[in-house]
Amino acid sequence: MGLATMIGDRMKPFVTIVLVLCIYLSGSDSAGLMKKSVIFPTKTATSFVKLNAAAFSDLTAFTVCLRAASEENRDYTLFSYAVHRSNNELLIWQKTNAQLELYLGPLVGSFFLPKMDAWLRHICVSWESQKGEITVWVNGRRSLRKDGGLGRVVKSGGQFFLGQEQDSVGGNFDSQQSFVGEVTDVNMWDRVLKPNEIELISQGCYNFGGNIIDWGSTTFTTGGNVKIEDNNDCTF
């Protein structure tokens with residue numbers, strides 16, 4: 001075997017590693033996150049994942065689902081969507097006292113749920129404007145329904161972020177509001193999902209992502225200290 005061939009063979013694993021690392025290069029758009037988890041190791045004002053959602057018209061209903069775990073004992077963001085003149089156009093916010101809050105501009109709903117901890121939990125938040133009704137699901141179990149956001153719309157044309165709460169579209173992050181922990185299976189639909197759909201999704205085996213955000217195919221951009229790791233959590 002010639003020297004050039006030997007060197008080439010030894011370089012192949014290195015080249016593969018470099019290519020894998022480049023897939024998630026900070027600041028560049030990457031393909032979807034099917035069977036991947038995003039980990040935010042530390043509290044910062046620079047670490048984020050920007051989800052490049054599909055274009056949509058103003059929303060009169062939606063369902064946002066995700067799985068997350070965090071041991072932080074403070075308020076922080078789980079899901080942030082901002083538009084011009086409305087930084088909290090759609091914000092899912094976790095409070096220290098175990099309240100989960102939904103903002104559609106103003107605060108429209110608050111739910112007392114089991115406190116977030118190191119166990120991954122599946123959370124869905126659904127809302128529809130006509131009835132002004134909000135429902136939260138945790139691990140496939142439904143909360144009581146609450147009134148909120150009657151007649152409102154969620155404006156299109158904004159930006160979606162994980163890890164940070166936007167105080168202006170795409171920026172003005174505050175480390176005290178940042179998410180620390182693991183998040184995966186983030187999907188968003190322009191409708192209220194049926195109970196049997198949410199039950200299936202909560203098991204981590206749903207084959208079809210949201211029509212606005214699809215964790216398996218929506219492109220994304222990372223910034224700061226973000227880790228992306230394999231995730232094979234389907235329960236059957």
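The chat below takes up confidence, salt bridges, cavities and a pocket in turn.

A: This is a predicted model, in which local features need pLDDT of at least 70, side-chain atom pairs count only at pLDDT 80 or more, and totals for chains, interfaces and linings use all residues. Residues are numbered from 1 along each chain as its sequence is written, and side-chain values use heavy atoms, with hydrogens and water left out.

Q: What is the mean pLDDT of the chain?
A: The mean is 88, and 85% of the residues reach 70 or more, where pLDDT is the predictor's confidence in each residue, from 0 to 100.

Q: And which elements have the lowest and the highest mean pLDDT?
A: Helix α1 (residues 3–23) has the lowest, 42, and strand β13 (residues 159–162) the highest, 98; helices (H or I, at least four residues) and strands (E, at least two) are DSSP runs, numbered from the N terminus. Over residues 10–23 pLDDT stays under 50, and the model has one contact beyond four places in sequence for that stretch, a contact being heavy atoms within 4.5 Å.

Q: Ok, charge pairs now: how many salt bridges does the structure hold?
A: There are eight, a salt bridge being a side-chain nitrogen of Lys or Arg within 4 Å of a carboxyl oxygen of Asp or Glu. One of them joins Arg67 to Asp185, with the closest N and O atoms 2.6 Å apart. Arg67 lies in strand β4 (residues 61–69) and Asp185 in strand β14 (residues 181–189), so this pair ties together parts that are 118 residues apart in sequence.

Q: Are Arg67 and Asp185 buried or exposed?
A: Both Arg67 and Asp185 are buried, where buried means under 20% relative accessible area, exposed over 50%, and partly exposed in between (1.4 Å probe, protein chains only).

Q: What about Arg74, which side chain does it meet in a salt bridge?
A: Arg74 pairs with Glu72 at 2.8 Å, N to O; Arg74 is buried, with a relative accessible area of 12%, whereas Glu72 is partly exposed at 24%. Another salt bridge links Arg121 and Asp117 at 3.8 Å, N to O, and there Arg121 counts as buried at 9% relative accessibility, while Asp117 counts as partly exposed at 30%.

Q: What lines the largest cavity?
A: Its volume is about 40 Å³, and the lining includes Glu72 and Arg74, the residues that meet in the 2.8 Å salt bridge. The second largest cavity, also about 40 Å³, is lined by Phe40, Leu78, Leu162, Gly163, Phe179 and Val183.

Q: And how big is the second largest pocket?
A: The second largest pocket has a volume of about 190 Å³, and β9 (121–128) and β10 (133–138) each supply at least two residues of its lining.

Technical notes. On a 1 Å grid over the protein atoms alone, a cavity is a set of points where a 1.4 Å probe fits but cannot get out, and a pocket is an open set with protein on both sides within 12 Å along at least five of seven lines; lining residues have an atom within 4 Å of a point. Grid points are joined across faces, edges and corners, and a volume is the space filled by probe spheres set on the points.
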